[in-house]
Amino acid sequence: MSVGDAFVYLLIGLGAASLLVACAGLVLARDFFDRLHFSAPATLGTILIVAALWAREGPSLIGWKGVATAAIVIVGSPLVTHALARAARIAERGDWRAGEDETVERAR
Amino acid sequence: MNEWYWLTCALLAGIAACGWVILRRGFLDGIVALQLAGVLASLGVLSFAEAVDRPPFGDLAIVLALVSVVGSLILARFVERVPGGPGGRGGDDRR
């Protein structure tokens, strides 16, 4: 096994672990807003797996398709997470902004 | 079986976990699980394309990722109409 192969295996292992952590978090989280946080490790896993693909294949047809897929996930996943959180808060409270009964601690 | 087949199998297990959340938890939790399942499925198709050495299958991964994002954004519009949000009817009422 060459150093390049070991690097690819490492990236695949880390990527798969990151995605499986996201799945475990999704199953074990307490509520909706906790579950939303676990799209972040999935995005990291996507980057690692596409990096493994790129390390194996280089700038080839499948390599560029992997980059395109990762780009869509990197841009789209936080967008969807934000949209879902905002929509859930509007459904719960009628407005996404903090209500009068809520205190928001500001960073100093 | 090469390493990409094993990765595809691991991603399928992750999709099964997302399916469990969709079936067993509330509507809003199911949408989060659907979003994650979309990411897993597109990566699964990509790794399968690499495993079988068929680069054209990678197009499916791109389309799936794109459709997953757009679909989740459309579903987010409906989330606003769920009575009570996560604490109400959209919440985890089957635990």
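Helices (H or I, at least four residues) and strands (E, at least two) are taken as DSSP runs, numbered from the N terminus. The model is predicted: local features need pLDDT of at least 70, side-chain atom pairs count only at pLDDT 80 or more, and totals for chains, interfaces and linings use all residues. Residues are numbered from 1 along each chain as its sequence is written, while chains are lettered from A and ligands numbered from 1 in the order in which they are written.

Ala51(A) lies in helix α3 of chain A. Burial is assigned by counting other C-beta atoms, placed from the backbone, within 10 Å of a residue's own: 20 or more is buried, 12 or fewer exposed, and anything in between partly exposed. Ala51(A) counts as partly exposed because it has 19 C-beta neighbours inside 10 Å. Its C-alpha atom is separated by 7.1 Å from that of Leu11(A), 40 residues apart along the chain.

Helix α3(A) (residues 39–57) packs with helix α4(A) (residues 61–93) at an angle of about 170 degrees, and their axes are 9 Å apart. The pair is therefore roughly antiparallel. Axes are lines fitted to C-alpha atoms, for helices over the stretch in contact, with angles running from 0 to 180 degrees between N-to-C directions. Angles under 35 degrees count as roughly parallel, over 145 as roughly antiparallel, 65 to 115 as roughly perpendicular and the rest as oblique. Two residues are in contact if their C-beta atoms, placed from the backbone, lie within 7 Å. On the α3(A) side, the contacting residues include Ala42(A), Ile47(A), Val50(A) and Trp54(A). Those of α4(A) include Gly63(A), Val67(A), Ala70(A) and Ile74(A). By class, this contact has 10 nonpolar, eight polar and one charged residues. Here Ala, Val, Leu, Ile, Met, Phe, Trp, Tyr, Cys and Pro count as nonpolar, Asp, Glu, Lys and Arg as charged, and the others, Gly among them, as polar.

Chain B has three helices and zero strands. Its elements run α-α-α from the N terminus on. Of its 95 residues, 51% count as buried. Among contacts in chain B between residues at least 6 apart in sequence, 58% join residues at least 24 apart.

Helix α1(B) has 22 residues and reaches 32 Å from its first C-alpha to its last, close to the 32 Å expected at 1.5 Å a residue. The expected span is 1.5 Å times one less than the number of residues. Buried residues of α1(B) include Trp4(B), Leu7(B), Leu11(B), Gly14(B) and Cys18(B). The buried residues of this helix pack against α1 (3–28) of chain A together with α2 of chain B.

Helix α2(B) has 25 residues and reaches 35 Å, close to the 36 Å expected. Of these residues, 22 are buried, so α2(B) is largely enclosed by the rest of the structure. Just after α2(B), Asp53(B) takes a positive phi of about 60 degrees, although Asp53(B) is not a glycine. Most residues other than glycine have a negative phi. Asp53(B) sits in the loop between α2 and α3 of chain B. With 10 C-beta neighbours inside 10 Å, Asp53(B) counts as exposed.

The contact between the chains takes 46 residues from chain B and 39 residues from chain A. On the side of chain B that touches chain A, α1 (3–24), α2 (27–51) and α3 (58–79) each supply at least two residues. α2(B) gives the most, with 15 residues. The residues on this side of chain B divide into 28 nonpolar, 11 polar and seven charged.

The axes of α1(A) and α1(B) come within 9 Å and cross at roughly 10 degrees. These two helices are therefore roughly parallel. Leu19(A), Cys23(A) and Leu26(A) are among the residues that α1(A) brings to the contact, while α1(B) brings residues including Leu11(B), Gly14(B) and Cys18(B). The contact has 15 nonpolar, one polar and one charged residues.

A nonpolar core is a set of buried Ala, Val, Leu, Ile, Met, Phe, Trp, Tyr and Cys residues joined through C-beta atoms within 7 Å. The largest such core has 55 residues, and Leu26(A), Leu84(A), Cys18(B) and Leu40(B) are among those that touch the most other members. The largest share of this core, 14 residues, comes from α2(B). Leaving aside neighbours within four places in sequence, Leu40(B) is in contact with Leu19(A), Leu11(B), Gly14(B), Ile15(B) and Cys18(B).
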